[in-house]
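User: I would like to learn how to read side-chain features from a model. Please take one feature at a time, with the general idea and then the case at hand.

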Amino acid sequence: MEYDERLALFRQTRLNPFDRGEEEDGPQGGKTPPQHEARPELFSGTRIHSSDRTMDLGLAEDHFSRPMGSFVASDIEQLKMAIEECKKLILELPEHSERQKDTVVKLIHLRLKLQELKDPEEDEPNLRMLLEHRFSKEKSKSVKQTCDKCSTIIWGLIQTWYTCTGCYYRCHSKCMNLITKPCVRSKVSHQSEYELSICPEIGLDRQDYRCAECRTPISLRGVPSEARQCDYTGQYYCSTCHWNDTAIVPARVIHNWEFEPRKVCRSSLRYLALMMPRPVLKLKEINPLLFNFVEELVEIRKLRQDILLMKPYFITCKEAMEARLLLQLQDRQHFVENDDMYSLQDLIDISSGRLSCSLTEIHTTFAKHIKLDCERCQAKGFVCELCKEGDILFPFDSHTSVCHDCSAVFHRDCYYDNSTTCPRCARMTDRKQDEEPDVKDV
């Protein structure tokens with residue numbers, strides 16, 4: 001922790017007391033006391049110089065041992081008094097002086113010691129339920145986060161904080177009872193669909209010049225609070241509900257094939273993050289013309305269609321089931337269920353080229369098992385009944401065509417040059433006609 005961060009920590013803790021339910025009084029007004037009134041008893045022991053100061057708190061010096069002449073904090077009351085003395089001393093010392101830096105470190109140690117003695121974590125439950133949020137108390141003390149409620153930094157060293165396991169909403173323990181935003185995951189569960197209009201703005205007057213979420217008065221002039229537009233919902237929000245975060249907007253992807261991140265509010269950011277892997281976009285209904293202009297989409301659609309044709313081979317093959325070949329697509333389960341549903345993550349990976357590479361590799365592995373490695377799968381191949389020449393054919397081969405009625409496989413050229421009906425369909429029709437007189441005789 002750098003010095004500026006430690007000093008900022010001290011200043012924030014003056015406004016947000018460490019002891020819950022207690023108010024701390026800052027230094028009383030008046031002139032700054034002279035430096036010779038500083039309290040040297042807090043700094044007995046070896047002095048830490050900036051050149052060799054250890055950044056890991058607690059390693060540079062043992063502030064709580066009992067050498068001769070050192071300050072001893074034996075109970076909570078003495079620690080509170082020492083903290084007050086330390087805070088006053090920081091204000092008295094010159095800015096950015098070595099002694100002030102050491103005092104900030106000392107203050108942090110004293111607060112950590114007070115936290116250990118009081119053990120405040122026993123008063124805070126590990127799990128709290130609120131507005132469909134499932135808040136779990138965080139154990140990390142070093143990661144610096146920002147509270148989604150009050151928009152201030154969460155200092156894990158001296159503040160208890162929670163994270164919702166559903167939507168990852170983070171907040172101080174003291175801000176829990178002030179939360180008014182329900183968990184976004186519940187919206188995803190009940191309404192798994194996107195807003196497909198590009199930035200559907202309704203205007204500030206329709207919002208009564210208030211934040212669309214918390215109803216705080218806002219205006220484009222920034223008085224009393226700045227109005228910030230969310231590109232996903234088209235509505236305006238205050239600076240507490242809209243942090244100028246950016247995200248890829250689904251409507252712009254589907255209609256414009258545009259992947260530039262746009263500014264969105266906090267609730268939209270969480271909603272889009274949770275919805276990203278969900279296959280809820282049926283492109284051929286929303287924008288079928290997209291396949292005419294994006295070649296990568298046509299390639300991916302063909303690979304997905306081939307994988308669906310391979311699936312019956314795998315679910316009837318013992319070796320494929322033992323090898324768990326279909327689990328290679330476990331992150332995109334919809335690829336083995338249909339060929340027309342896409343997730344936003346699919347479209348992002350198609351645009352970047354990652355999906356084409358990974359899906360081509362999986363397609364090659366699947367085809368190798370059916371055509372080369374497994375004799376049972378090879379036995380389920382077809383011979384072109386029109387030319388009766390060539391190798392064994394499979395429905396996913398690029399040079400074949402499949403009869404829509406009986407699923408027989410032929411060479412593509414033979415199938416389209418054939419002026420008669422499908423030989424297999426003709427046989428099935430003749431067999432059915434031969435069986436009908438026998439039924440009448442019975």
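Analyst: Start with burial. F366 has a relative accessibility of 0% and therefore counts as buried, the cut-off being under 20%. This is a predicted model.

User: Which aromatic partner does F366 have, and how are the two rings arranged?

Analyst: Two rings pair if their centres lie within 6.5 Å, and planes over 60 degrees apart count as edge-to-face. F366 pairs with F314, with 4.8 Å from centre to centre and 75° between the planes, so the pair is edge-to-face. F314 belongs to helix α9 and F366 to helix α12, so the pair ties together parts 52 residues apart in sequence. F314 is buried as well, at a relative accessible area of 1%. For the rings of F394 and F396, the centres are 5.6 Å apart and the planes are at 20°, so this pair is stacked. Both F394 and F396 are buried. Ring pairs join F394 and F396 with Y313 in a cluster.

User: How many aromatic pairs are there by this rule?

Analyst: The count is seven aromatic pairs.

User: How should I read a salt bridge, and how many does the structure hold?

Analyst: Side chains of opposite charge can pair when their charged atoms come close. The structure holds 22 salt bridges. One of them joins the side chains of K101 and E98, with 3.7 Å from N to O.

User: Which salt bridge links distant parts of the chain?

Analyst: K181 and E213 meet through their side chains at 3.4 Å, N to O. They are 32 residues apart: K181 is in the loop between β6 (170-172) and α4 (184-190), and E213 is in the loop between α4 and β7 (228-229). K181 has a relative accessible area of 12% and is buried; E213, at 26%, is partly exposed.

User: Now the nonpolar core. Which residues touch the most other members?

Analyst: A core is read as a set of buried nonpolar residues joined through their side chains. The largest nonpolar core has 72 residues, and L283, L297 and L347 touch the most other members. Helix α9 gives the most to this core, with seven residues. Apart from this core lies another, of 10 residues, including L79, C86, L107 and L114.

User: What does L347 contact, and which helix is it part of?

Analyst: Leaving aside neighbours within four places in sequence, L347 is in contact with V253, W257, F259, L281, L283, L297 and Y342. L347 is one of the buried residues of helix α11 (residues 344-352), along with L344, D346, I348, D349 and I350. The buried residues of α11 pack against α5 (250-256), β11 (281-282), α7 (283-286), α9 (295-315), β12 (341-342) and α12 (354-373). After α11 comes G353, with a positive phi near 90°.

User: What do the totals for the chain look like?

Analyst: The chain has 15 helices and 14 strands. Of its 442 residues, 40% count as buried. Among contacts with a separation of 6 or more, residues 24 or more positions apart account for 61%. The chain exposes about 25,200 Å², of which carbon and sulfur atoms supply 49%.

Note on methods
Residues numbered from 1 in each chain as written. Predicted model: local features only at pLDDT ≥ 70, side-chain atom pairs only at ≥ 80, totals over all residues. Heavy atoms only, no water. Salt bridge = Lys/Arg side-chain N within 4 Å of Asp/Glu carboxyl O. Helix = DSSP H or I, 4+ residues; strand = E, 2+ residues; numbered from the N terminus. Buried < 20%, exposed > 50% of the residue type's maximum accessible area, 1.4 Å probe, protein only. Contact = heavy atoms within 4.5 Å. Core = buried A, V, L, I, M, F, W, Y, C linked by side-chain atoms within 4.5 Å. Phe/Tyr/Trp six-rings, centres within 6.5 Å; stacked < 30°, edge-to-face > 60°. Areas by Shrake-Rupley, 256 points an atom, 1.4 Å probe, with all protein chains shown as cover.
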